[in-house]
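The following exercises concern one structure, each with a worked solution. Please study the sequence and the model before reading on.

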Amino acid sequence: MTTAPAQAGWRFRQPSVIPGFGLTLGFSLAYLTLIILIPLSGLLWRSAALGWPEFWAIATDRRTINALEISFGTAFIAAAVNVVFGTLVAWVLVRYRFPGRRIVDAMVDLPFALPTAVAGIALTTLYAPNGWIGKLLMPLGIKVAYTPLGIVIALIFIGLPFVVRTVQPIMEEIDKEVEEAAATLGANRFQIITRILFPGLAPAIVTGFALAFARGVGEYGSVIFIAGNLPYKSEIAPLLIVIRLEEYNYPAATAIAAIMLALSFVMLLVVNLVQTWSRKRYG
Amino acid sequence: MHVAQKWDTGFGITTCIDKKGVCMEVRVANVRKEFDRFPALHDVSLDIKSGELIALLGPSGSGKTTLLRLIAGLERPTRGKIFFGDEDASQKSIQERNVGFVFQHYALFRHMTVADNIGFGLKVRHGPSRPPVQEIRRRASELLDLVQLSGLEKRYPAQLSGGQRQRVALARAMAIEPKVLLLDEPFGALDAQVRRELRRWLREIHDATGHTTVFVTHDQEEALELADRVVVMSQGRIEQVGTADDIYDTPNSPFVYGFIGESSSLPVKVENGEIWLADRPIGLSAPHEPSGDATLFFRPHDVELLDGCSGCIAGTVAASRRVAGTRRVELEIGGERQRVEIELPVDHPAAQKSRVAFRPGRWKLFPAA
């Protein structure tokens, strides 16, 4: 009996003849444990120190709920906006050749590199009631800085490269012949985009959305400058956590963090399910 | 004017114009195409009869794919016109031309099932010309029967083999009842076995449906075997148009002689109607050729071996290879050591001899360039 019984339900996938599977997997697991698993379980453990009634009281506190709503709501809107305009930017970069294209291409990465606080301060200066753009919007009755709208703008800035950089490579792979085939079959430009190009890009767009959204939920540095941080109005959950920490109220801070963790996990799970489904369909 | 052609096949087929007018003659008139000032086609003219199966054959860069794409409307001619029947198609968009185009790499829509791929051309139509959903589904499965893939409606392209994908691509192209069917190296990405199979099958489909069909290939065997007429192209020009027999037996240019089938050539001289190789006559007369330098072309298998040599081509064996049923011998001729290839029967003693004399059976002279 040298071979394992065939009916074994669960087995390691046969590794390749090139050695290293054990080593790399072991290292990966150890690394992920150190970097992600231990801190997160520490978080859960600390919040578990709180009794259930207290945890529930913090979770259902008006201020907590509002902060969570603002965090997830603005991140969602910002990710949605980024999906539209990020895809457009990717389209322009992939499809057209124009002077300065490489500069625009490099510019997309700026939000990755810029310290988020710098971005926050710059945006606040622009959108404050006496700033360049804020001044123009003021007479129209639109107030950006120190409102949730300002948070959305900061998160759009932060999230843009995530969408562009996930959609761009997939868009580059689109075969010109597929479009030509659709055209010879009688499809007009609009039909080609909506029925041929967009469905092919959908998985990448969903991934871009998920990344931008996740980034937006966790964003702190750029938001706190432009948000104004009014409790119940424009206070984001990460800031509330910091406030609780500064009050030495560790259990409350970890409780909010645990709720955020659970919500983020659920959202990413949903996104992953959508992706698995689409991958199964489109091969 | 349509030429009604009768096809007699097992499919119970009628003349091609009876088929709802799907048949169409195509006329390419003095078309020139430049890419960034670089000419890809020089002044090409070609008449394609309705219901004909035409091959565009040539080496890469000869402009054959460009010509096909011009007919489809995927490129616009720099000059010249393309007619479908009596209609000038040059001004029409791709969508309006109603051509079926099959790409080398299939270009199937990955996110659609086989049935949706085939039905796509009908689904994107507007208004009354768009058939009801039931009808589209029915036509898709009908076409799948035609391309012998019944029952695969629900599959996605990723789940099919290369040969199956190309069949789906053909069914998709035929679903819109195109006026002409254009195929760009349709079997180029497939392995030899599948390629031979699909070749025969394409001929059957063509005979059954009677579409005017143009396909591009660089495989001469494919072109000669499959097409009613072959268009040989080189460097953006049409070299010769004709049936497989015309092209092989009476090539009209050194290029065609060299490109189609095996050939050997020698630089010779014509004097008073006699052909001379260096300082000796080779026993061939060309009374109608003008005197001067010329190139002699002949087929390696079409030679007569001689014993003595007065009026022949003689050379020393430089190399000898066994190729399937024959032996191919490379000879060095004369002081210039020109190399030519001839074919000998495997058991022929001449193959062992160091010196071989022969005279071409059928040959052709082209004036030296």
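Helices (H or I, at least four residues) and strands (E, at least two) are DSSP runs, numbered from the N terminus. This is a predicted model: local features need pLDDT of at least 70, side-chain atom pairs count only at pLDDT 80 or more, and totals for chains, interfaces and linings use all residues. Residues are numbered from 1 along each chain as its sequence is written, while chains are lettered from A and ligands numbered from 1 in the order in which they are written.

**Exercise 1.** State which helix of chain A gives the most to the side that touches chain B.

*Solution.* Step 1: two residues are in contact if their C-beta atoms, placed from the backbone, lie within 7 Å. Step 2: the contact takes 18 residues from chain A and 21 residues from chain B. Step 3: helix 9 (176–184), helix 10 (189–218) and helix 13 (250–282) of chain A each supply at least two residues of the side of chain A that touches chain B. Step 4: helix 9 of chain A gives the most, with six residues.

**Exercise 2.** Explain why helix 3 of chain B is described as largely enclosed.

*Solution.* Step 1: a residue is buried if 20 or more other C-beta atoms lie within 10 Å of its own, exposed if 12 or fewer, and partly exposed in between, with C-beta atoms placed from the backbone. Step 2: of the 369 residues of chain B, 43% count as buried. Step 3: in helix 3 of chain B, the buried residues include B:V114, B:I118, B:F120 and B:L122. Step 4: because eight of the 10 residues of this helix (residues 114–123) are buried, the rest of the structure largely encloses it. Step 5: the cover over these buried residues includes helix 4 (133–146) and helix 5 (162–174) of chain B.
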